Each structure stands twice: as C-alpha cells, then as structure tokens.
Amino acid sequence: MRSFLTVIFATFISSVFCQNISIQPEWKVGETKMIITYSENTEYSGEDEPYTRMDTTEGPAILVVEEDDDNYYVQVEVEDQNLMMLNSLIRTYEVDIDTEEKVKVKISVSKSGKGWTIANFEEVKSILEGKLDKVNAAMGEKNPQMKELMVSYLEPVSSGVKSQDAMKFTFLREIEYLFLPFQRSWEEGKMYTDSATGPNPMNPAINATFTYNNVLSSVNKKENIAILEQETLVDMEGFIKLIKEKLQQMAELMDKPEKGEEFDNVVMNMSNQLKLEVNMKTGWVETAIGEITIEGSFPGESKKTVSKVRKVLE
C-alpha cells in the first residue's frame with residue numbers, strides 16, 4: 001500500500017509540473033502592430049576586413065480587422081520573396097517585370113490558441129499564380145527556347161502556393177514567427193520537432209528539407225513572458241546541386257555561358273537560430289531575435305555571412 005501511494009503521489013507531482021501551456025491571443029478589432037526590423041549583416045571574405053552593414057526597416061503592419069466567436073482575423077500586406085528573387089535573376093538576362101507589388105493576406109487565428117489559417121487563401125493563390133504567368137510569358141518572349149526551362153523553373157515556385165501549408169512555408173515565412181505560439185500547446189522544456197519540405201526553385205523533382213526544433217525554454221509568470229526558441233536545420237546538398245545545373249542551362253540558352261560557369265563550384269551551409277519573447281496575456285510576439293550564418297565556397301574565394309536580426313512589435 002505504501003509503495004502504491006508513493007507511485008500515485010509521484011504521478012500527481014509530475015502532472016503538476018508538466019502541465020501544457022496554451023498561449024492564446026487577446027486582441028482588439030482595430031488594433032495595429034508594426035514590425036520594426038533592426039538588422040546587422042557582416043560579410044567575411046578571405047583575408048579582407050569584415051564588412052558590416054546595419055539597416056532599420058519598418059513594416060509590415062499587422063491589423064486586427066475583425067473577430068467572431070472562435071477566431072481573430074488580421075490583415076497584412078506581404079512581399080513575395082520568391083518573385084523578388086526571380087526578378088533579380090531574370091534581370092541579368094535583360095528582362096524586367098513589375099510583379100513585386102505587395103499582396104493583402106487575411107489570416108485567421110484561433111482564440112483558443114489552436115492554430116491559424118490563411119482566410120483568403122484562394123484569392124492570394126490566384127494573384128500569385130498570375131504573377132508567375134507574367135514571368136513565364138516575358139521570358140518565353142525574350143527567348144522561345146527558354147520557355148520549357150522556365151516551366152520547370154517556375155513549377156516548384158508555383159507549387160509553393162497550391163496549399164495552405166505550402167503558402168505559409170514559402171510566402172509567409174517572414175511573418176510566420178508571429179503565429180508560432182499558436183501552433184500547439186507547449187510543455188516547458190520539451191523539444192518539439194517539425195519538418196517542412198520546400199520545392200527546389202530550380203527543379204520540382206528535388207526539394208530542400210527544413211527541420212525545426214522548437215522549445216518553450218522558460219516562462220516568467222510574474223512578467224507574463226514566455227520564451228520560445230527555434231533551431232532550423234536545412235539540407236542544402238540536393239538544393240545546391242540543382243541550382244548549379246539549372247543556372248548553367250539557362251546561361252547557355254541565353255548565350256552567356258560564363259554566367260553558368262560562375263556557379264560551378266558553389267558550396268553552401270546554413271544555420272538559423274530564433275528566440276521569441278511572447279506576451280502571455282496578449283499572445284503577441286513582442287520581440288524576435290534571430291541569427292543566420294551562411295558559409296559558402298565560391299569560385300576563387302570563400303565567404304561567410306552572419307545576419308543578426310531583431311524584430312520588435314510596436
């Protein structure tokens with residue numbers, strides 16, 4: 001009997017100290033939050049002195065537009081990072097397309113802290129696919145031989161908007177951290193591992209795999225602040241291989257083989273650390289601190305870039 005009571009007591013104590021913590025939003029319609037980003041990028045190249053660039057940017061704004069019994073709805077204007085990278089590439093081939101205007105996204109956040117969705121998914125999907133069609137048409141007009149290559153190039157980017165999860169991963173990655181607290185109920189100190197697969201921008205047959213290790217590292221009940229930490233691991237091998245192959249093909253089709261040769265010996269590794277300070281009374285991520293390290297071997301030199309970012313909600 002004594003042993004049995006000991007087990008019951010130990011189980012009770014364990015359950016008390018391992019309670020799940022659910023972070024729930026407490027917002028008001030009309031409330032607006034602005035993301036202020038402070039960034040510091042340091043580049044190391046060979047024996048040269050490190051070069052550091054510091055920037056401060058404002059936006060996007062997060063506006064709480066409405067609510068119902070179960071959800072809050074926020075609106076945010078988002079830039080398509082994939083299209084910005086596409087435009088940067090195709091401009092080297094003297095093609096310029098105005099597809100970088102921001103897109104209004106409406107996001108539904110559960111009041112019980114049980115997840116979030118893109119409320120106007122079909123509308124956003126239609127807009128983004130229309131922009132990709134413009135890129136495909138313009139490149140095909142510039143060089144008809146490019147059309148088939150551009151189809152394979154754009155297909156994985158297009159697949160990034162075909163589902164809720166894919167769109168969150170590709171299109172909303174710059175603001176996705178704001179909704180991480182509502183991804184699940186949390187147990188302090190427990191590691192949660194998630195994974196996502198993003199299409200290789202050069203070939204839909206091979207993807208880049210992202211692994212996220214998430215942990216609620218501490219809770220300050222007196223200050224009502226929870227600390228969430230995330231480590232992102234990226235499998236880059238297949239990604240880099242296909243990038244080099246497709247860029248070389250594109251350069252040859254555009255009669256600029258020297259551009260493809262520049263990428264022949266590219267090697268790249270990346271690490272990404274993120275720390276969030278979450279207001280447990282409101283659910284807002286008040287501060288996000290991230291550090292990304294990218295190390296690469298390029299023709300004739302090695303480079304390393306360390307990007308430190310601090311995002312504040314005001």
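Trainee: Is D55 buried, partly exposed or exposed?
Mentor: D55 is partly exposed, at a relative accessible area of 33%. Buried stands for under 20% relative accessible area, exposed for over 50%, and partly exposed for values in between, with a 1.4 Å probe and protein chains only.

Trainee: Where do these values come from, and which atoms and residues count?
Mentor: This is a predicted model, in which local features need pLDDT of at least 70 and side-chain atom pairs count only at pLDDT 80 or more, while totals for chains, interfaces and linings use all residues. Residues are numbered from 1 along each chain as its sequence is written, and side-chain values use heavy atoms, with hydrogens and water left out.

Trainee: Which residue forms a salt bridge with D55?
Mentor: R53 does, with the closest N and O atoms 3.3 Å apart. A salt bridge here requires a side-chain nitrogen of Lys or Arg within 4 Å of a carboxyl oxygen of Asp or Glu. R53 is also partly exposed, at 35% relative accessibility.

Trainee: How many salt bridges are there by that rule?
Mentor: The count is seven. One of them joins K111 and E67, at 2.5 Å from N to O. K111 is in the loop between β5 (103-110) and β6 (116-118) and E67 is in strand β3 (residues 51-67), so this pair ties together parts 44 residues apart in sequence. Helices (H or I, at least four residues) and strands (E, at least two) are DSSP runs numbered from the N terminus.

Trainee: What about R184, which residue does its side chain meet in a salt bridge?
Mentor: The partner of R184 is D194, at 2.9 Å from N to O. R184 lies in the loop between α5 (164-170) and β7 (186-187), and D194 in strand β8 (residues 191-200), so parts 10 residues apart in sequence are tied together. R184 is buried, with a relative accessible area of 19%. Elsewhere, salt bridges with shared partners join K125, E129 and K162 into one network.

Trainee: Over the face of which residue does R184 lie?
Mentor: R184 lies over the face of W186, 5.4 Å from the ring centre. The criterion is NZ of Lys or CZ of Arg within 6 Å of the ring centre and within 35 degrees of the ring normal. The charged end of K304 likewise sits over the ring of Y44, 5.9 Å from its centre.

Trainee: Changing topic, how many aromatic pairs does the search find?
Mentor: It finds five in the whole structure. W27 and F182 form an edge-to-face pair, 5.9 Å centre to centre with 75° between the planes. Rings of Phe, Tyr and Trp (its six-membered ring) pair if their centres lie within 6.5 Å; planes under 30 degrees apart are stacked, over 60 edge-to-face, and the rest tilted.

Trainee: Where in the chain are W27 and F182?
Mentor: W27 lies in the loop between β1 (20-21) and β2 (32-45), and F182 in the loop between α5 and β7, 155 residues apart. W27 is buried at 5% relative accessibility, and F182 is buried at 0%. W116 and F179 form a stacked pair, 4.6 Å centre to centre with 25° between the planes. This pair links strand β6, which holds W116, to the loop between α5 and β7, which holds F179, 63 residues apart.

Trainee: Which residues do the ring pairs link into a cluster?
Mentor: The cluster consists of W27, Y72, F182 and W284.

Trainee: And what does T232 touch?
Mentor: Not counting residues up to four places away in sequence, T232 touches F210, T211, Y212, S271 and N272, where contact means heavy atoms within 4.5 Å. T232 lies in strand β10 (residues 225-235) and is buried at 6% relative accessibility.
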